[in-house]
Amino acid sequence: GRCRLLCKPSALAQHLVRSLGRSAALRGGRWPWSRWPQLQMLWQLLQPPEPEPVVARELLQLPDAGLVALDWLVGPLGAAGCGGGVSSPVLLLIPNAAGKVTGGLLQLGLRALERGFIPVIFNRRGHNGCPLTTPRLQPFGDPGDLREAVTYLRCRHPSASLLAVSEGSGSGLLLAYLGESGSSSRLAAAACLSPIFRGRDWFEAGMPWLYEWPLLLHLKQGLSRYAGALADVLDVDRLLGSRSLRELEETLFCRTRSHPTSWESYWERNEPLRDADEAAVPVLCLCSADDPVRGPAGHSVPTELFRSSPFFLLLLTPLGGHCGFPRRGPGRCWAHEAVLEYFRAMAEFLRMEERRKGLPRPR
């Protein structure tokens, strides 16, 4: 429809334009409240998935004895025999920075399962019921724990393609990982839904209360379970009394008792795009110009990055809200179909390149 693909001209970009042009994902039906981005956001984030998914949890121990949780989507409730085989592509789903696994993310996992993917959700330390075994949480753009999870998935599925998709502020983690890992990321492709590109600016600008306060309460509720363990390393009263996401982030990672640091130094190490020039994996970013959470596209979307890097592609739509992209009918979110079509097109393009160059397929 009215979407625009902004990227550096390349054979991959041309192939993607043709594939998305043939797909029905971008030609979905109209939504009755198309110009209400706040309503789109709530509708997509809060509505439960249909059908309800069955999840199998696996805890992964990290080198410092911390834990992250991997939730494998094994099928809809009451169904059997869903999903792919041993060599089916593994799709790693990364929730937002608050650890909230939304109905939209679960719906994307179910759609992927129907298409033969093996979807798995990455839960950070202390998020979504994952036990906090060390007095340490994961900073906004620190990809260390994600790297351990990717390494484990590669060992568990050595013959499968590894893909990743993030939602909202969780994209800061995925973008930081792609830049820091470069050609060693082990991923074949990645996608970001409504990503936050500039973390510091986003925290300092604040968000509409309709979005910030529920996330703030969600984070405080999770952190309150570990108040006793965290009391030795930070001011828990100040943490639970935070009145903004910036204050909470600063208390968690800058005002610690053992290693205090400045707000500026924190973001030097945690900006999502700090190593963007080193990224070596194609990543599709789906953004809406009316996103009320990210802010105006003019200064919150780094268009120069998409014009100069052959690995970053931006699919920009005028309407869609934050992680909304609603449509009528099955699936409810046309961005999910676009992401899955992008991954299919990427796999097809790589096969064509291997045949053209006569390269053996990697084992």
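Two strands pair if DSSP finds at least two bridges between them. Helices (H or I, at least four residues) and strands (E, at least two) are DSSP runs, numbered from the N terminus. The model is predicted: local features need pLDDT of at least 70, side-chain atom pairs count only at pLDDT 80 or more, and totals for chains, interfaces and linings use all residues. Residues are numbered from 1 along each chain as its sequence is written, and side-chain values use heavy atoms, with hydrogens and water left out.

Strand E7 spans residues 189-193, and five of its five residues are buried. Buried means under 20% relative accessible area, exposed over 50%, and partly exposed in between (1.4 Å probe, protein chains only). In a regular strand the side chains alternate between the two faces of the sheet. In E7, Ala189, Ala191 and Leu193 point one way, while Ala190 and Cys192 point the other way.

E7 pairs in the parallel sense with strand E6 (residues 162-167) over five bridges. Here serine 166 stands opposite cysteine 192. E7 also pairs in the parallel sense with strand E8 (residues 283-288), over four bridges. There alanine 191 stands opposite leucine 284 of E8.

E6, helix H5 (residues 171-181) and E7 make a right-handed β-α-β unit. Right-handed means that, with the strands pointing away from the viewer, the path from the first strand over the helix to the second runs clockwise. H5 is mostly covered, with ten of its eleven residues buried. Among them are Leu173, Leu174, Leu175 and Tyr177. Glycine 182 follows H5 and has a positive phi, near 60°.

Serine 10 sits in the loop between strand E1 (4-6) and helix H1 (11-22). Serine 10 counts as partly exposed because its relative accessibility is 24%. A polar atom of its side chain lies 3.1 Å from the backbone nitrogen of alanine 13. The C-alpha atoms of serine 10 and phenylalanine 311 are separated by 9.8 Å, although the two residues are 301 apart along the chain.

Threonine 102 is in the loop between strand E4 (90-94) and helix H3 (103-114). At 2% relative accessibility, threonine 102 counts as buried. Its side chain reaches the backbone nitrogen of leucine 105 at 3.2 Å.

**Salt bridges**

A salt bridge is a side-chain nitrogen of Lys or Arg within 4 Å of a carboxyl oxygen of Asp or Glu. By this rule the count comes to 20.

| Glutamate 337 | Arginine 115 | 2.4 Å |

Aspartate 291 and arginine 294 are both buried. Salt bridges that share partners join Arg111, Glu114, Arg115 and Glu337 into one network. Glutamate 337 is buried, with a relative accessible area of 9%. Arginine 115 is partly exposed, at 46% relative accessibility.

Arginine 274 lies in the loop between helix H11 (263-270) and E8, and glutamate 180 lies in H5, so this pair ties together parts that are 94 residues apart in sequence. Arginine 274 is partly exposed at 26% relative accessibility. Glutamate 180 is partly exposed too, with a relative accessible area of 39%.

**Tryptophan 213**

Tryptophan 213 is in helix H7 (residues 209-224). Tryptophan 213 is partly exposed, with a relative accessible area of 34%.

Key. A polar contact is a pair of N or O atoms within 3.5 Å; within protein, one must be able to donate a hydrogen and the other to accept it, and residues adjacent in sequence count only if both atoms are side-chain atoms.
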